[in-house]
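Please look through the sequence and the three-dimensional structure shown below. The paragraphs that follow lead from the chain as a whole to some of its parts.

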Amino acid sequence: MKYGKKDRKESFHTRKAVRGFLIMLSASLLCLGMTISAFAGISPVGQKGSLTLNVKYVEGSQRKDMESGKLAIYLVGPAVYDDGDEVFDIGEGRFASEAAVQKIPDMDSAELEENNPSLSKALDGAAGKLKPDAEEEIEGGKASFEDLTAGLYFVRQTQASDKGTKITSFLASIPDKEGNLNVVAEPKPEAPRAAETKETETETGSETETEPETKEEKSRKKLPQTGQLWWPVPVFAAAGLAFLAAGAIRRRSSSDDGQE
């Protein structure tokens, strides 16, 4: 069978259309594959991450690097799939028997952040009875935990610094709410304890408090004490009477002498 010019032309356009379709199909499949790969890379389930903590304490109005002490982390629950959703499986964590964490898998990042203080306070006491998943010393204001399975972790200070300073326990998720598997966080410093006031004992009589005076006591102060100030009064009075009598006698004697 021979093809004429018209047939050859139609065949050429057909092959060109098929080739264009195949190119578009290949490009679409390539984009779809890249999308699937990218999605698989974003999902935290089964992946590893890290947690770096910048540890500070408060001194006066300044925040300074904590140079010593120890921090421990406890896995509350690894990240798993549940009906297509990524959740934290507390049944596989350290606090599986604690009622306080039962609602954590249903929380999103904002709710977890809002409930962090109350949940952390509830877990703090339980954590003291458990062995941590990892423990690191604080050096130069930092503590780093590597090769961590994606999930929710409880961070607690197990040894205070040389200055007695500590951080407030808290929950941290890997990845964080921005999707970062290598998480950097700055724990909140624990509020410094109020300085204890010490009572100093003073010797008896060294510090005496004066009580308000009564009217009777005030009147006593105005009066002289018996036997000390009033005893000369009668003596002087008698002596004065004696002088007056002597003077009267003398005047009378002088008058009698004048009449003679």
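**Reading the predicted chain**

The mean pLDDT of the chain is 75, and 58% of its residues reach 70 or more; pLDDT is the predictor's confidence in each residue, on a scale from 0 to 100. Over residues 29–41 the pLDDT is below 50, and beyond near neighbours in sequence this stretch has two contacts in the model, a contact being heavy atoms within 4.5 Å. Residues 218–231 also have pLDDT under 50, and the model gives them four contacts beyond four places in sequence. This is a predicted model, in which local features need pLDDT of at least 70 and side-chain atom pairs count only at pLDDT 80 or more, while totals for chains, interfaces and linings use all residues. Residues are numbered from 1 along each chain as its sequence is written, and side-chain values use heavy atoms, with hydrogens and water left out.

The chain has four helices and 10 strands. Helices (H or I, at least four residues) and strands (E, at least two) are DSSP runs, numbered from the N terminus. Along the sequence they follow the pattern α-β-β-β-β-β-α-β-β-β-β-β-α-α. Of the 260 residues, 26% count as buried; buried means under 20% relative accessible area, exposed means over 50%, and partly exposed lies in between, with a 1.4 Å probe and protein chains only. Among contacts between residues at least 6 apart in sequence, 66% join residues at least 24 apart.

Helix α2 (residues 109–127) deserves attention. A straight helix of 19 residues would span 27 Å at 1.5 Å a residue, but α2 spans only 22 Å between its end C-alpha atoms; the expected span is 1.5 Å times one less than the number of residues. α2 bends by about 60° at asparagine 116, and proline 117 follows within four residues. The bend is the angle between axes fitted to the seven residues ending at a residue and the seven starting there. Asn116 is also among the buried residues of α2, which include Leu112, Leu119 and Leu123. The cover over these buried residues includes β4 (70–82), β8 (151–159) and β9 (170–174).

Two backbone details remain. The peptide bond from isoleucine 174 to proline 175 is cis, with omega near 5°, and proline 175 is in the loop between β9 and β10 (182–185). Aspartate 147, in strand β7 (residues 142–149), has a phi near 55°, a positive value in a residue other than glycine. Aspartate 147 is exposed, with a relative accessible area of 56%.
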